[in-house]
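Below are my notes as numbered points, to be read with the model open beside you.

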Amino acid sequence: WFQGKIDFAPPVKDLTGEGYTLLGARLDQVADKPAAAVVYQIRKHVINLFVWRATDQAPDALATAGVRGFSVTTWARDGLRFAAVSDVDGRDLTRFAQLVSTP
């Protein structure tokens with residue numbers, strides 16, 4: 001679906017077996033850069049996974065923080081930056097990020 005709309009291929013994993021249902025995707029922007037937004041759900045909580053080109057190639061470790069009642073997990077890998085955002089418990093979001101970031 002993203003082909004021809006952005007100049008990178010975001011990882012879109014089927015995580016249904018892990019409890020994360022893929023709902024869909026859209027184009028978005030993060031810091032004025034084109035981004036893919038891949039939407040998952042766990043129980044009744046939506047997770048937005050934003051993916052955009054990194055400005056450097058250095059991988060970053062997973063980091064989770066709370067922002068205005070939301071959990072945000074960020075990392076970088078293979079020239080891409082990732083941010084998973086949800087109102088789900090931070091442990092569920094970290095687990096989600098680990099599943100997505102595993103090659």
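1. A turn residue to start with. R68 is found in the loop between β4 and β5; helices (H or I, at least four residues) and strands (E, at least two) here are DSSP runs, numbered from the N terminus. The phi of R68 is near 50 degrees, a positive value in a residue other than glycine. Most residues other than glycine have a negative phi. R68 is also exposed, with a relative accessible area of 81%; buried means under 20% relative accessible area, exposed over 50%, and partly exposed in between (1.4 Å probe, protein chains only).

2. Before going further, some ground rules. This is a predicted model, in which local features need pLDDT of at least 70 and side-chain atom pairs count only at pLDDT 80 or more, while totals for chains, interfaces and linings use all residues. Residues are numbered from 1 along each chain as its sequence is written, and side-chain values use heavy atoms, with hydrogens and water left out.

3. The hairpin around R68. β4 and β5 form a hairpin with 2 residues between them, and R68 sits in the turn. The two strands, β4 and β5, pair in the antiparallel sense over 6 bridges; strands pair if DSSP finds at least two bridges between them.

4. Another positive phi. Which loop holds R43? R43 has its place in the loop between β2 and β3. Its phi is near 50 degrees, again a positive value in a residue other than glycine. R43 counts as exposed, at 55% relative accessibility.

5. T73 has its place in strand β5 and is buried, with a relative accessible area of 0%. The side chain of T73 makes a polar contact with the side chain of T64 at 2.8 Å. A polar contact is a pair of N or O atoms within 3.5 Å; within protein, one must be able to donate a hydrogen and the other to accept it, and residues adjacent in sequence count only if both atoms are side-chain atoms. Leaving aside neighbours within four places in sequence, T73 is in contact (heavy atoms within 4.5 Å) with several residues, among them L62, F82, L93 and A97.

6. The helix. α1 covers residues 90-101, which makes 12 residues, and reaches 16 Å from its first C-alpha to its last, close to the 16 Å expected at 1.5 Å a residue. The expected span is 1.5 Å times one less than the number of residues.

7. The buried side of α1. Which residues of α1 are buried? They are D92, L93, F96, A97, V100 and S101. They cover an arc of only 160 degrees around the axis, which puts them on the same side of α1; the arc is that of the directions from the helix axis to the C-beta atoms. The buried residues of α1 pack against β2 (33-42), β3 (45-53), β4 (60-67), β5 (70-77) and β6 (80-86).

8. The last residue on that list. S101 is in helix α1 and is buried, with a relative accessible area of 16%. A polar atom of the S101 side chain lies 3.3 Å from the backbone oxygen of Q98. Not counting residues up to four places away in sequence, S101 touches W75 and R77.

9. Aromatic pairs. Rings of Phe, Tyr and Trp (its six-membered ring) pair if their centres lie within 6.5 Å; planes under 30 degrees apart count as stacked, over 60 as edge-to-face and the rest as tilted. By this rule the count comes to 3 aromatic pairs. The rings of Y20 and F96 have their centres 5.3 Å apart and their planes at 50 degrees, so this pair is tilted. Y20 lies in the segment before β1 (21-30) and F96 in helix α1, so the pair ties together parts that are 76 residues apart in sequence. Y20 is buried, with a relative accessible area of 0%, and F96 counts as buried at 0% relative accessibility.

10. The other partner of F96 in my notes. Y40 and F96 form an edge-to-face pair, 5.0 Å centre to centre with 65 degrees between the planes. Y40 lies in strand β2 and F96 in helix α1, so this pair ties together parts that are 56 residues apart in sequence. Y40 counts as buried, at 0% relative accessibility. Y20, Y40 and F96 form one aromatic cluster.
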